[in-house]
Structure formats: C-alpha cells, structure tokens
Amino acid sequence: MNSICGANCEICSFSSDCRGCAETCGRPFGGTCVAAQYIQTGGMQKYLQFKQDLLHEINSLLKANQLPAASALSELPGSFVNIPYPLPNGKTVQFLDDQRIYLGSQIEFADRGICYGVVADTTFILICSYSIDGSEPELILYRKR
C-alpha cells in the first residue's frame with residue numbers, strides 16, 4: 001500500500017483493516033483523513049504547518065486545564081480512539097467516527113495509572129482521561145474549532 005502522508009504502511013498495526021489511502025483517495029477506512037485532506041489540497045508543507053499550529057493550540061488548552069503538554073500528534077483511526085464517555089444522566093456517548101482518521105496523542109502516567117488523551121481534526125479538539133487499561137474514561141474538554 002502507498003500512503004499519502006508518507007506513513008510506513010508495512011509497520012502499521014491497522015494495515016489489515018486499511019484499504020490504503022492512496023488507493024482510496026484519502027479514505028482508507030471509508031471516512032476522511034485529516035492528513036490526506038490537507039496534503040491533497042495544499043501539499044505536505046501546509047499539512048505540517050496545520051499539525052504544528054494544532055499542537056500549539058492543544059498544548060495551550062492542556063496548560064489551561066493544568067495538564068501536561070503533548071509532544072506530538074499522530075494520525076489515528078477513529079475506531080482506535082472512539083471511547084464511549086459516561087454522561088451525568090447515566091447514558092454514554094461516542095463523539096468520533098470510527099471510519100475517520102484523526103490526529104491524536106496520549107500522555108501516560110503509569111505510576112499514577114492514568115492517561116490523558118487528545119484527539120482533534122479541523123473542526124474540534126477533545127481532551128479526556130482514562131485509566132491505563134482504557135477503563136474509566138472521563139471527558140475533560142470538547143471544543144469546536
């Protein structure tokens with residue numbers, strides 16, 4: 001498979017479910033990919049600038065919530081990061097689309113048994129926490145961009 005963003009598809013753990021972004025015009029799992037969208041319309045440089053600006057915006061939000069900074073953002077399938085969050089009324093809700101590719105990062109504190117996760121694209125930023133094993137998710141912030 002060939003990637004649009006330069007990812008090494010041979011080492012990707014999602015390659016068995018992926019149809020390849022070059023072969024699908026940037027829709028490897030059926031939904032849009034934020035990286036492919038930027039690269040196809042403005043080139044790699046525009047995408048890298050978007051990613052850098054988004055990381056800066058995310059780190060400002062993390063700092064405002066007294067959370068540690070993220071060091072980088074990676075392309076992640078929605079199915080990997082679409083956690084169901086409990087609401088005060090007892091229901092749970094998922095905010096993401098399993099078929100899309102988002103940008104995200106995980107900040108892990110193994111000694112405390114907690115992780116902070118960040119997921120974003122051109123339209124929103126989501127910050128959450130969860131235990132090391134993925135249980136006990138808590139939505140910290142969901143902000144439209």
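This is a predicted model: local features need pLDDT of at least 70, side-chain atom pairs count only at pLDDT 80 or more; totals for chains, interfaces and linings use all residues.
**Exercise 1.** Find out how helices H1 and H2 are oriented to each other, and which residues make their contact.

*Solution.* Start with the two elements: H1 covers residues 34-42 and H2 covers residues 44-64. Their axes come within 7 Å and cross at roughly 135°. An angle over 145 degrees would count as roughly antiparallel, so the two helices are oblique to each other. The crossing is right-handed. Next, look at who takes part: H1 supplies Val-34, Ala-35, Tyr-38, Ile-39, Thr-41 and Gly-42, while H2 supplies Met-44, Lys-46, Tyr-47 and Phe-50. Sorted by type, the residues of this contact give 7 nonpolar, 2 polar and 1 charged.

**Exercise 2.** Decide whether Ala-35 is buried or exposed, and list what it touches beyond four places in sequence.

*Solution.* Locate Ala-35 in helix H1. Its relative accessible area is 1%; buried means under 20%, so Ala-35 is buried. Setting aside residues up to four places away, Ala-35 touches Cys-5, Tyr-47 and Glu-75. For a distance check, go 13 residues along the sequence to Leu-48: the C-alpha atoms of Ala-35 and Leu-48 are 8.9 Å apart.

**Exercise 3.** Describe the surroundings of Ser-105.

*Solution.* Ser-105 sits in strand E4, residues 101-109. With a relative accessible area of 14%, Ser-105 is buried. Now follow its side chain: a polar atom there lies 3.1 Å from the backbone oxygen of Ala-72. Finally, leaving out neighbours within four places in sequence, the contacts of Ser-105 are Ala-70, Ala-72, Leu-73, Leu-76, Tyr-116, Gly-117 and Val-118.

Notes: Residues are numbered from 1 along each chain as its sequence is written. Side-chain values use heavy atoms; hydrogens and water are left out. Helices (H or I, at least four residues) and strands (E, at least two) are DSSP runs, numbered from the N terminus. Buried means under 20% relative accessible area, exposed over 50%, partly exposed in between (1.4 Å probe, protein chains only). A polar contact is a pair of N or O atoms within 3.5 Å; within protein, one must be able to donate a hydrogen and the other to accept it, and residues adjacent in sequence count only if both atoms are side-chain atoms. Contact means heavy atoms within 4.5 Å. Axes are lines fitted to C-alpha atoms, for helices over the stretch in contact, and angles run from 0 to 180 degrees between N-to-C directions. Angles under 35 degrees count as roughly parallel, over 145 as roughly antiparallel, 65 to 115 as roughly perpendicular and the rest as oblique. A crossing is left-handed if the near helix is turned anticlockwise from the far one by less than a right angle, and right-handed if clockwise. Ala, Val, Leu, Ile, Met, Phe, Trp, Tyr, Cys and Pro count as nonpolar, Asp, Glu, Lys and Arg as charged, and the others, Gly among them, as polar.
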